[in-house]
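Please look over the sequence and the structure shown here before reading on. The briefing that follows takes up the topics one at a time.

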There are 2 protein chains.
Amino acid sequence: MAQTAEWLGIPPEHPFGLAALPYGSYTAAHHADEYRVGVAIGDCVLDLTTATDRVMPGRAHLFRSGSLDEFLAAGDGAWSGVRAEITRWLSDETCRPVIEDLLVPAENVSLRLPFTVADYVDFYASEHHASNIGRIFRPDSEPLTPNWKHLPIGYHGRAGTVVVSGTDVRRPCGQMRPPGADRPTYGPCVRLDFEAELGFVVGAPSHLGEPVPAGRFAEHVFGVCLVNDWSARDIQAWEYVPLGPFLGKSFATTIAPWILPLAALEHARVRPPSRDAELIGYLTESSDWGLDIDFEVRLNGHVITRPPYSAMYWSPAQMLAHMTVNGASLRTGDLYASGTVSGPDRTGQGSLIELGWGGAEPVPLPDGSSRGWLQDGDEITITATAAGEGGARIGLGSATGCILPATPE
Amino acid sequence: MAQTAEWLGIPPEHPFGLAALPYGSYTAAHHADEYRVGVAIGDCVLDLTTATDRVMPGRAHLFRSGSLDEFLAAGDGAWSGVRAEITRWLSDETCRPVIEDLLVPAENVSLRLPFTVADYVDFYASEHHASNIGRIFRPDSEPLTPNWKHLPIGYHGRAGTVVVSGTDVRRPCGQMRPPGADRPTYGPCVRLDFEAELGFVVGAPSHLGEPVPAGRFAEHVFGVCLVNDWSARDIQAWEYVPLGPFLGKSFATTIAPWILPLAALEHARVRPPSRDAELIGYLTESSDWGLDIDFEVRLNGHVITRPPYSAMYWSPAQMLAHMTVNGASLRTGDLYASGTVSGPDRTGQGSLIELGWGGAEPVPLPDGSSRGWLQDGDEITITATAAGEGGARIGLGSATGCILPATPE
C-alpha cells in the first residue's frame with residue numbers, strides 16, 4: 001500500500017489518507033471569497049487549483065473556476081491522470097518543495113457545494129427500507145409494490161435545494177392530514193426526518209436518445225458523496241398519491257463537501273445481495289458494484305444507527321442503466337442518490353421513521369429524552385467509511401445539518 | 001391600441017404583433033454559430049443583442065450571452081424597461097434608421113432553447129384531465145385523489161431533457177407490464193402520447209427557507225411558453241407507484257422557442273373556475289391569474305383538439321405559492337408547467353390518452369387512419385393564442401416534435 005510522504009505525518013488509519021483523496025471546493029482566509037479546488041489529505045487541504053497551475057499546466061484549466069464542474073466534464077482519462085499525479089506529489093519525499101506551501105489546515109477552510117448540481121434523482125434501492133416504509137405508510141398492502149424487484153424505483157428531486165454540509169435546515173411548513181381527519185391542516189411539519197444515503201456524481205455526459213449500459217458506469221460516474229435526504233413525513237404522506245413526493249422532500253437535501261472518486265472504492269466493491277426476480281437484460285451486470293461502505297448517523301453527537309451500504313439491493317450501475325434506458329441523457333453534475341441505506345435490523349436503519357417505527361417507538365437518547373421525530377435544534381451528522389486495502393477504512397467525510405424552527409407566520 | 005410602425009407592414013391580426021413581443025435565442029446565416037437574443041415581430045426577428053449594444057448600452061450586458069439567462073435574472077424592473085423600449089422602436093417611425101437593419105426574416109433563423117432550465121416541475125392543474133386520467137388508470141377508485149382539490153399536485157421532472165421545438169423525439173424503450181401479466185416485458189413504448197401544457201418561466205430567484213406568496217407571482221415569473229410533456233403511458237403505468245412518474249416522462253419535454261412575457265397577458269387574465277373546497281390561506285389569491293389562452297394541437301397537420309386554458313382549476317400563482325410554501329427556493333430558469341390542459345369535453349382534451357380513451361376509441365384522421373397512440377413519423381404541433389385588447393389574439397408560437405423509431409437493439 002502506498003504511504004504518504006513521511007514529512008506529512010499522516011497516521012495510516014486516518015480516513016483521509018493517500019487512498020482517499022476526495023475533492024472539494026473551498027476558501028481560506030488568505031484568499032477570502034476566491035474559491036479553489038482542494039483535495040483532503042490528513043487534516044489538511046491541498047490547494048489543487050494553485051498546484052496544477054504550478055506543476056501540471058496542461059490540466060490547470062480544469063480547476064481554475066474553483067468548482068469541480070470542468071474536471072467532472074473532462075472524463076475518466078483526466079480523472080485517473082490527475083489522481084496519479086496527486087498521489088505522486090504526496091508520496092514522493094522529493095515533491096515536498098513543490099507542494100508544502102499549498103497545504104492548508106482543514107480547520108481553516110470554508111467548504112461550499114463542490115459542483116453545480118444538474119438533475120437530482122433519488123432512488124429507493126434498499127429492500128429493507130422500502131419494506132419498512134411500505135409497512136408504515138400502507139399497512140394494509142404488501143410492503144413492496146409489484147414493480148420493486150423488477151426495476152430500481154426512482155424519482156426526480158429538486159436540484160436547486162441541494163445544500164452543502166453545515167447549512168442549517170429550516171423546518172418546512174405545509175399541508176398535512178391528521179389521522180382520521182377528512183381535511184388537511186396547515187402548519188410546521190411535525191414528522192421531520194433524515195435519510196442517510198449515498199450519492200453518485202455524474203461526470204461525463206451522454207447523448208439524448210442513447211441509453212448508457214450498466215457496464216459503462218465508471219466511464220460516466222466520477223465519484224460518491226454522502227447525502228441526507230431530509231423528509232417531512234406528514235407533508236409527504238398527504239401529497240404523494242398519485243405523482244410521488246414533492247414538498248415533503250424539496251425543502252433541502254444536504255450533501256457532504258467531499259466527492260470521493262470511484263478509484264478510491266476499488267477495495268470496497270462487493271457482490272450485491274442475490275436478486276429474487278429474474279432481471280431484464282439491461283439490468284444485468286458484468287461486474288460487481290455493491291459497496292462495502294459503513295454509515296454512522298449521529299443525533300446531537302450520539303450514534304443512533306449504523307447502516308451497511310453492502311445490503312443495498314440495487315447497485316449504482318443498475319440505477320444508471322435504468323435512469324437512461326429510455327434515452328434520457330446525462331449531464332455533467334447530475335446527482336443520483338441511492339435512497340435510504342437500511343440494513344436488515346434496527347441497528348442499521350437509515351431513517352428515524354424506521355428507527356422509531358413511525359413515531360410509535362421513539363429512539364432513546366443519552367440525555368434521557370427520546371425522538372420519534374426531529375426537534376428544533378437537533379443536529380444530524382452522517383459519516384461513512386469504505387473498505388480499503390488490507391482492512392484499512394477510507395473516509396467519505398460528513399454531511400451535517402441542524403434544524404431551525406419554522407418561520408413564524 | 002399601439003400599432004407597429006407603418007413601414008413594418010404587420011397586419012393587426014398577426015399573432016406576433018406589437019402586443020406580443022416574445023423573446024427567443026437564435027442564429028442566422030450571417031452570424032453562424034453565434035447566438036443572439038431575438039424578439040419576434042411579425043414575420044421577422046429583431047436582433048436585440050445588437051440593438052441594445054447600439055441604443056440601450058445600460059442593458060446591453062443582459063443580452064450579450066445570446067441566451068435569456070441574464071435578462072431573466074434582472075427582475076421585473078428590467079423586464080418592463082426593455083419591453084417599453086422595444087415597443088417604442090417598433091411603433092415610432094423615427095426609429096426606423098436605428099433598427100431596420102436588425103430585422104431578420106424569421107424563416108432565416110435557427111432557434112435554440114432560449115434559457116438554461118434550472119429545475120423543471122410539472123403540475124396536474126386541470127380537473128378535467130386529472131379526472132379522466134383517474135378513470136383510465138384507476139377505474140376502481142374515485143377519479144380524483146382526496147388531496148386533489150386541496151393542493152395543486154406536482155412533481156419534479158428532468159430538466160436536462162427539455163428540448164426546443166423542432167427537436168425529433170426518439171420513441172423510448174423500457175419496462176411495461178402487459179394487461180393481466182404478472183411480470184414486466186421490455187421493449188419500445190407502445191402507448192406513446194403528448195400532453196399540451198403551458199409552462200411558466202421563473203426569472204427572479206428567492207431565498208431558501210422563504211416561501212413566495214401567490215401575490216408575488218409577477219415579480220418572480222417572467223413569462224410563459226408552450227410545453228409538450230411527451231408521455232410513455234405503458235412505462236408510466238408500471239413504474240409510477242409509489243414514487244410517481246419517472247422514465248415515462250423523462251425522455252423528452254418540448255418547449256416552444258418563444259417566451260411570452262406576462263406583460264403581454266394583461267388582457268388574457270380571467271377568473272379561474274370556482275373552487276369546490278375551502279382553500280388553506282397560502283393558496284388564496286388577491287388577483288386573477290386564470291388565463292384566456294386557446295390551444296390547438298395538430299397531428300400531422302390536422303387539428304385534433306382545442307384545449308381551453310381558462311378551464312384550469314389551479315392558477316399559476318397558486319402553483320408558485322405551493323411549490324415554495326415549504327421554503328424551497330426558486331432559481332432563475334426554473335420552469336414549471338401546468339400539466340395537461342383539458343377542457344370539459346372531448347373537443348378540448350389535451351392528450352391522446354383522453355381523446356382516444358386509453359386506446360379504446362382511436363382518433364380518426366383525414367387520411368382514413370386513426371390513432372390510439374402516436375406512431376413513428378407522427379408529428380405533433382401545439383400552438384396557442386392569448387386574448388389581447390379588443391378581440392385581438394396574441395401568439396405563443398408553436399411547440400413541434402416528430403417521433404423517431406426506437407433505437408434498434
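**How the two copies are arranged**

In this predicted model, chain A is superposed on chain B by a rotation of 180°, with 0.0 Å of shift along the rotation axis and an RMSD of 0.0 Å. The two copies are therefore related as by a two-fold rotation axis.

- In chain A, the C-alpha nearest this axis belongs to A:Gly244, and it lies 2.0 Å from the axis.
- Of the interface residues of chain A, 100% are also interface residues in chain B, so the copies meet through the same surface.

**Helix α3 in chain B**

- Helix α3 of chain B, which runs over residues 76–91, has 16 residues and reaches 22 Å from its first C-alpha to its last, close to the 22 Å expected at 1.5 Å a residue.
- The buried residues in α3(B) are B:Ala78, B:Trp79, B:Val82, B:Arg83, B:Ile86, B:Trp89 and B:Leu90.
- These residues are on the same side of α3(B), because they cover an arc of only 125° around the axis.
- An α-helix has 3.6 residues a turn, so residues three or four places apart point the same way.

**Packing of α1 and α3 in chain A**

- Helix α1 (residues 48–55) of chain A packs with helix α3 (residues 76–91) of chain A at an angle of about 90°, and their axes are 12 Å apart.
- With that angle, α1(A) is roughly perpendicular to α3(A), since angles of 65 to 115 degrees count as such.
- On the α1(A) side, A:Leu48, A:Ala51 and A:Val55 meet A:Val82, A:Ile86 and A:Trp89 in α3(A).

Conventions
Residues are numbered from 1 along each chain as its sequence is written. Chains are lettered from A and ligands numbered from 1 in the order in which they are written. This is a predicted model: local features need pLDDT of at least 70, side-chain atom pairs count only at pLDDT 80 or more; totals for chains, interfaces and linings use all residues. Side-chain values use heavy atoms; hydrogens and water are left out. Helices (H or I, at least four residues) and strands (E, at least two) are DSSP runs, numbered from the N terminus. The expected span of a helix is 1.5 Å times one less than its number of residues. Buried means under 20% relative accessible area, exposed over 50%, partly exposed in between (1.4 Å probe, protein chains only). The arc is that of the directions from the helix axis to the C-beta atoms. Copies are superposed by least squares on the C-alpha atoms of residues with pLDDT of at least 70 in both. Contact means heavy atoms within 4.5 Å. Axes are lines fitted to C-alpha atoms, for helices over the stretch in contact, and angles run from 0 to 180 degrees between N-to-C directions. Angles under 35 degrees count as roughly parallel, over 145 as roughly antiparallel, 65 to 115 as roughly perpendicular and the rest as oblique.
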